[in-house]
Amino acid sequence: MMRNLSRLFLPLLIALAPLPAFAQTDAPIAAPVETVTTAPVPTATPQFTAPTAGIGQPGGGIQLQTPVTPIGVEAQYLANGVLNPLMAATSVFVLILLAWTVFRYRAAANPVASKTSHNTVVEVVWTLVPVLILVWIAVPSFRLLANQYSPPKADITIKAIGHQWYWEYEYPDQGGFSFDSVMLTDAESAKRGSPKLLDTDNRIVVPAGATVKVLTTAADVIHSFAVPSFWVKMDAVPGRINETWFKVDRPGVYFGQCSELCGTKHAFMPIAVEVVTPARFAEWVAAKQAENGITPEAAVPAAAGQAPPVTGAAPLPAAPGVTAPAGNVTTPVAAAAAPTPAA
């Protein structure tokens, strides 16, 4: 009996007994932590330009979005200036012809049915007129296709990778940094002044006036990179690289969406493109490179005491805050005479 009581109360007494607070008094004094000085890193976050109503986003009507690329302007002219008027005129003509035929050749006015089997003039007309119409459509259509599939030399390349359900973007010409782009919540969109379900935490940033080549692919299922105001839509297929392009001269924000049914959250894969000035783009690239620990390509030969490569292409504006852009304004001789210390 006593043994059982001792087994019952002993743990309770141990739990209630005050523990000696020797831990803090016996602990060794920690060595002072040295202050670490860090170099300021420019933020890679863009200025998040506020969208312009009616530009680069749905307007709520049946009209197409206002095009902001040369291809978009040409394509919208083909749609609104050629195809839509032609379809409307053809529909009205057919309805009038049908109504006239029903009334003119009704049974009450024609008790004896006509036995006409063919009419050469009518057959020539209904064959020749459609041919002329198709030729009229073909000329601007072929010109648009030729312009779309013969892009000018690209100034910048972006790789767009579709995931379930977000986009990943890579800038191979700027050191290969990449980032994910995920849709904002309604509260985040309202705070930024963006339309719901269209803006992302990280936007694509491109310089105004530059020809941008977009390489599309996917990591899981088929997606589609589509920006209506650019008149751009290209499938992103796993294991394949497709290519499209755009050129926007007007700074601003333009929205698109995945246009291929890719799963339960297909509708939550927006695309946000922020077009900025070349100087702002250079700052953003420099900040992204600093964030990712990328040494700009132009700084490598200077650090090794070599002359930087000279190319005929016009370089993008200098990126302030990093060593690399010096290569854009330093001649090869000067770079070799005063090499930059290796990092």
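Where do arginine 280 and glutamate 283 lie, and how many residues apart are they? Both are in helix H6, 3 residues apart, or about one turn of the helix.

What you see is a predicted model. It has an open sheet of 5 strands, ordered E3-E2-E1-E5-E8, and the pairing is mixed. The edges are strand E3, 177–181, and strand E8, 242–247; each has a single partner strand, so one side of each is left without a neighbour in the sheet. On average, neighbouring strands here are turned by 25° against each other, direction ignored.

Within the sheet, look at E1, residues 156–163, and E5, residues 211–218. These two strands pair in the parallel sense, over 7 bridges. Isoleucine 161 has threonine 217 of E5 standing opposite.

Now helix H6, residues 278–291. Its 14 residues should span 20 Å at 1.5 Å a residue, and the end C-alpha atoms are 20 Å apart, which agrees. Buried residues in H6 include Phe281, Trp284 and Val285. Among the elements covering the buried residues of H6 are E1, E2, E3, E4 and E10. After the helix comes glycine 293, with a positive phi near 65°.

On to charges. Side chains of opposite charge can pair when their charged atoms come close. The count for this model is 8 salt bridges.

Arginine 280 and glutamate 283 form a salt bridge, with their closest N and O atoms 3.1 Å apart. Arginine 280 has a relative accessible area of 15%, so it counts as buried. Glutamate 283, at 33%, is partly exposed.

Next, aspartate 186 and lysine 196. Here the closest N and O atoms of the salt bridge are 3.9 Å apart. Aspartate 186 belongs to helix H5 and lysine 196 to the loop between H5 and E4, so the pair ties together parts 10 residues apart in sequence. Aspartate 186 is partly exposed at 40% relative accessibility, and lysine 196 is exposed at 55%.

Last, glutamate 274 and arginine 203, whose closest N and O atoms are 2.8 Å apart in their salt bridge. This one links distant parts of the chain: glutamate 274 sits in strand E10 and arginine 203 in the loop between H5 and E4, 71 residues apart. Are these two partners buried or exposed? Glutamate 274 is buried, at 1% relative accessibility, and arginine 203 is buried too, at 2%. Salt bridges with shared partners join Arg203 and Glu274 with Arg192 and Asp199 in one network.

Note on methods: Residues are numbered from 1 along each chain as its sequence is written. This is a predicted model: local features need pLDDT of at least 70, side-chain atom pairs count only at pLDDT 80 or more; totals for chains, interfaces and linings use all residues. Side-chain values use heavy atoms; hydrogens and water are left out. Two strands pair if DSSP finds at least two bridges between them. Helices (H or I, at least four residues) and strands (E, at least two) are DSSP runs, numbered from the N terminus. Axes are lines fitted to C-alpha atoms, for helices over the stretch in contact, and angles run from 0 to 180 degrees between N-to-C directions. The expected span of a helix is 1.5 Å times one less than its number of residues. Buried means under 20% relative accessible area, exposed over 50%, partly exposed in between (1.4 Å probe, protein chains only). Contact means heavy atoms within 4.5 Å. A salt bridge is a side-chain nitrogen of Lys or Arg within 4 Å of a carboxyl oxygen of Asp or Glu.
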